[in-house]
Amino acid sequence: MSNLQKFVERLSELLIDHEMKAANLADALGVTRKTISRYRRGERLPDIDMALRMSAYFHCSLDFLLGRSDTGAEFDPLPRPLFKDRFAFLLDFFKTTKYRLIKDTQIDESVVYDWQKGTVSPRLESILILADYFGCSVEFVLGREN
């Protein structure tokens, strides 16, 4: 099952568990109903900022929200560090190099350098790739859990 399919299923579960309609979620998050509809139909994953807002709204981890874990329904995240700092930590922690990461993940070299400089934050899809590559949670990649 793809990341997108897992997210669609988990979002539906969360809406049912919270006894709410997609329109109420849209209002609570300050987005259009069409945006939530696109997520529910599996047309796209949310961007990282929207995923974080949804996670905060439902008080769950991103891994739980994305259907990557069945734990994390109650989650209290650590403050999120700048990604450029977290990226340096990840390379050191997992004893790898930018070169190896680029080669193994097929993430574009210019994107990785932008992360390192702090000029661009990663997209949610890239964070999922990093979590899979390092064999850790999305929350660990982002620095929201130890």
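# Loops, a buried arginine and aromatic pairs

Lys 95 is exposed (over 50% relative accessible area; buried is under 20% and partly exposed in between, with a 1.4 Å probe and protein chains only), as its relative accessible area is 69%. The model is predicted, so local features need pLDDT of at least 70 and side-chain atom pairs count only at pLDDT 80 or more, while totals for chains, interfaces and linings use all residues. Residues are numbered from 1 along each chain as its sequence is written, and side-chain values use heavy atoms, with hydrogens and water left out.

**Loop residues with positive phi**

- Lys 95 lies in the loop between helix H6 (83-93) and helix H7 (98-105); helices are DSSP runs of H or I with at least four residues, numbered from the N terminus.
- Lys 95 is not a glycine, yet has a positive phi of about 50 degrees.
- Glu 19, also not a glycine, has a positive phi of about 50 degrees.
- Glu 19 is found in the loop between helix H1 (3-17) and helix H2 (22-29), and counts as exposed at 75% relative accessibility.

**Arg 144**

- Arg 144 is in the segment after helix H10 (138-142).
- With a relative accessible area of 9%, Arg 144 is buried.
- Its side chain makes a polar contact with the side chain of Glu 139 at 2.5 Å; such a contact is a pair of N or O atoms within 3.5 Å, and within protein one must be able to donate a hydrogen and the other to accept it, while residues adjacent in sequence count only if both atoms are side-chain atoms.
- Leaving out residues up to four places away in sequence, Arg 144 touches (heavy atoms within 4.5 Å) residues including Leu 52, Phe 75 and Glu 139.

**Aromatic rings**

- The whole structure holds 12 aromatic pairs; rings of Phe, Tyr and Trp (its six-membered ring) pair if their centres lie within 6.5 Å, and planes under 30 degrees apart count as stacked, over 60 as edge-to-face and the rest as tilted.
- Phe 83 and Trp 115 form an edge-to-face pair, because their ring centres are 5.6 Å apart and their planes are at 85 degrees.
- This pair links distant parts of the chain, with Phe 83 in helix H6 and Trp 115 in helix H8 (residues 109-117), 32 residues apart.
- Both Phe 83 and Trp 115 are buried.
- Phe 89 and Phe 93 are stacked, because their ring centres are 5.3 Å apart and their planes are at 25 degrees.
- Phe 89 is partly exposed at 32% relative accessible area, and Phe 93 is partly exposed at 46%.

Technical notes: Helix = DSSP H or I, 4+ residues; strand = E, 2+ residues; numbered from the N terminus.
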